[in-house]
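Subject: Structure handover

Hello,

Here is the structure we talked about passing on. My notes on what was found follow below it.

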Amino acid sequence: HKPRFLATGIGSMPFTDVVHAIDVSLNRLSEAPIWPQLPKLGLYEQMEIQYSEGMPCSVIDREKNRLYIDTSGDYSEAFAEFYEAYMLAMDPDEGTGDCSALAITPDFSKGIYALEKRLQSHGGKLPFIKVQTTGPCSFALTIVDENKRAIYYNEEFRDVIIKALAMKCRWQIQKFQPFAERIICFVDEPILSAFGSSTYVSVKREDVVAHLAEIIEAIHADNAIAGVHCCGNTEWSILIDAGVDLINFDAFAYGETIAMYSDAVKSHLERGGALAWGVVPTSTAIREQTVDSLVAHFEKMMDNLAATGIDKQLIVEQAVVTPSCGTGSMDPTDAEKVFEMTDQLSKAMRSKYGF
């Protein structure tokens, strides 16, 4: 599939009215709407906590507004139960594919169920629906154990987290498959912008590739399109080596960085992969933007990549338009403009190139 400036979004929105959030998603991202993550509704809709249900030894501390993993007790039984559910669903030869053991319940996501209900009442199929899951690196490097050590460094628990997130991807894909021709599933990995820094010096490149590849393989098991979102600069070839279909990056602030990996990007595009250009800023910078200014910036970033020897037409055909990041922490009025501009930019680029 050639997306040709298809518009979609990153998950979070700053609204507290779920009906309004669904309206924005369906009206502004009409060909590839998202289910909205609504962090202002409370603790359970926060980025990692939202995906923690069913993870062995996960503890939500409501007093301190945080999630941690308690590794202090005997967790052998909890692990045995988890892996039994995992194998029942995910075994490549005998698995049922049913990942409902790791479902996200309505307490943890109002947006999933509100979008499902709306789509049920509408009937028919959309071209795409986009779902999303916090990535294994961002989850495991952010969430700590009872001693405040990142759970990433506990290999037993890291494996459980990767597998739990893979099941959550498949559960979402399966839930929305009746309503779309194809599902896009993003793995949100903001922490990869710090990859290679002194903070994460012990995080190995080959491990990151392997962890992402395991999630991407699960997404592909249900014939969905696998995307990875990182809102800072990172080593973009990591995502390509992991087998991702769609690379989403902040093309407003870091648009030039993708050209630093031109060989990998060229092979990614030539094998049918796409770039999701986060051209629309998710900061107060949105207040100064017009469609024309964003079109000009988009062209400049694409030309910058084409100058490395990649065919401009290939870049154009394989381009998706998104905001640069989620809008969950934005002023709601600014967020409204982000989605409006994403929609208008997509239409302007399609018109310009005759799509």
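In strand β8, L246 and N248 point one way while I247 and F249 point the other way, and all of them are buried. Buried means under 20% relative accessible area, exposed means over 50%, and partly exposed is in between, with a 1.4 Å probe and protein chains only. Helices (H or I, at least four residues) and strands (E, at least two) are DSSP runs, numbered from the N terminus.

Before going on, the basis of these notes. This is a predicted model, in which local features need pLDDT of at least 70 and side-chain atom pairs count only at pLDDT 80 or more, while totals for chains, interfaces and linings use all residues. Residues are numbered from 1 along each chain as its sequence is written, and side-chain values use heavy atoms, with hydrogens and water left out.

The sheet around β8

β8 pairs with β7 in the parallel sense over 4 bridges; two strands pair if DSSP finds at least two bridges between them.

Helix α8

Helix α8 covers residues 262-270, and its residues S262, A264, V265, H268 and L269 are buried. Seen down the helix axis, the buried residues fall within an arc of 160°, so they line one face of α8; the arc is that of the directions from the helix axis to the C-beta atoms. D263 and E270, on the other side of α8, are exposed.

What do the buried residues of α8 pack against? The partners are α7 (237-241), β8 (246-249), β9 (274-280), α9 (291-306) and α10 (312-317). Contact here means heavy atoms within 4.5 Å. Just after α8, G272 takes a positive phi of about 105°.

β2 and β3 (residues 66-69) run antiparallel and are joined by 4 bridges. In that pairing, L67 of β3 is the bridge partner of I60.

N154 sits in the loop between β5 and α5 (155-176). N154 is buried, at a relative accessible area of 18%. Leaving aside residues up to four places away in sequence, N154 touches T71 and R149.

R4 is not a glycine, yet has a positive phi of about 50°. R4 lies in the segment before β1 (6-7) and is partly exposed, with a relative accessible area of 33%. N223 is also a residue other than glycine with a positive phi, near 60°. N223 is in the loop between α6 (205-221) and β7 (225-230) and counts as exposed at 53% relative accessibility.

Cavity and pocket

Both were searched for on a 1 Å grid over the protein atoms alone: a cavity is a set of points where a 1.4 Å probe fits but cannot get out, a pocket is an open set with protein on both sides within 12 Å along at least five of seven lines, and lining residues have an atom within 4 Å of a point. Grid points are joined across faces, edges and corners, and a volume is the space filled by probe spheres set on the points.

The whole structure has 1 cavity of 30 Å³ or more. The largest cavity holds about 40 Å³ of space and is lined by C137, L141, I191, L192, F195, Y200, V203 and V208. Its lining has 8 nonpolar, no polar and no charged residues. In this count Ala, Val, Leu, Ile, Met, Phe, Trp, Tyr, Cys and Pro are nonpolar, Asp, Glu, Lys and Arg are charged, and the others, Gly among them, are polar.

The largest pocket holds about 290 Å³ of space. It is lined by 16 residues, of which S12, Q37, M47, C325 and G326 are the closest to its centre. The lining of the largest pocket divides into 6 nonpolar, 8 polar and 2 charged residues.

Regards
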